[in-house]
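Here's a quick briefing on the pockets in this model. Have a look at the structure first, then read on.

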Amino acid sequence: MTPTPKRRVPFAPYVILTPALVLFVLFLALPIGYTVYLAMRRTQVSGLGLGAGARREVFVGFDNFAAAVTDGELWAGWLRVLGYGALVLVVMLGLALLFALLLDSARVRLARFSRIAIFLPYAVPGVAASLMWGFLYLPSLSPIRAVLDVDLLGATTVTYSMANVAVWGGTGFNMLVLYTTLRAIPRDYYEAARLDGASELQIALRIKIPILVPAIILTTVFSIIATIQVFTEPTALRPFSNTISSTWSPLMKVYRDAFVTGDLYSAAATSILIAAISLVLSFGFLRVVRDRAFGEG
């Protein structure tokens, strides 16, 4: 009886995956684990806090999470971010869809230049874009004040000003995602619709937009995550206005706790809470729309 030859285990896939796994562990898994560790610790001070052993790190379980959940400043920041996010999502994705449809139209001119012009703001770093717009918002420098007699950094308008920066920088990326999806649609669909007498508007509403639904949902999820994590715009615009507090957004509160007040433990617990809420909102949105987007029940 011929013995069955031993099966060789291929090592090539593991060798190829090793660098990615190492990077994942070093720059994602370990930081997350260390954040969870810090979130369950606290500095305990004995006496006046002087001398060796007066300050020591102790385990406190979920006390830091309980403090974060009951923190009024954090939830006030969430309310501001939700209003900001609703404004950004509607305007940014609406413009991205409009521009993608216009650029995919058979009658559009200068399509290549238009694509570059719309996408170019996305290439500008967020800090540079926020500072640029910040100077444009200043009453003493802004040419906008010559047209509109509005304080763009006032308490009632600063959210719209920050949303404008986000829309200006993010529309191009979302437009490119939607436009790329449109270019993958066979042109035969459009020709058949035109032979049936459909106008360009009807083609857009009845063919293009329904096919774009999965891409629209994808860009919406990315945009939800980005708006929840808003940090650059309010932080960069804060020196221009006293209407933006140091805890305007949840991530700004994490930064203040960690690097201004030095409470790393509270900052770690708050950051985990923010990540959990982001996860719930993103997957909750996907669960609501998955039937329409991916045909899943």
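**Pockets at a glance**

The second largest pocket gets at least two lining residues from each of α1 (12-39) and α11 (264-294). Keep in mind that this is a predicted model, where local features need pLDDT of at least 70, side-chain atom pairs count only at pLDDT 80 or more, and totals for chains, interfaces and linings use all residues. Residues are numbered from 1 along each chain as its sequence is written, and side-chain values use heavy atoms, with hydrogens and water left out.

**Second largest pocket**

- This pocket holds about 210 Å³ of space (the volume filled by probe spheres set on grid points joined across faces, edges and corners).
- A pocket here is an open set of points on a 1 Å grid over the protein atoms alone, where a 1.4 Å probe fits, with protein on both sides within 12 Å along at least five of seven lines; lining residues have an atom within 4 Å of a point.
- Among the lining residues are I32, Q229, L251 and S278.
- The lining splits into 6 nonpolar, 4 polar and no charged residues (Ala, Val, Leu, Ile, Met, Phe, Trp, Tyr, Cys and Pro count as nonpolar, Asp, Glu, Lys and Arg as charged, and the others, Gly among them, as polar).

**Largest pocket**

- The largest pocket has a volume of about 470 Å³.
- Its lining runs to 24 residues, with A166, G169, G170, A226 and E233 nearest the centre.
- α6 supplies the largest share, 7 residues.
- By class, the lining has 15 nonpolar, 8 polar and 1 charged residues.

Note on methods: Helices (H or I, at least four residues) and strands (E, at least two) are DSSP runs, numbered from the N terminus.
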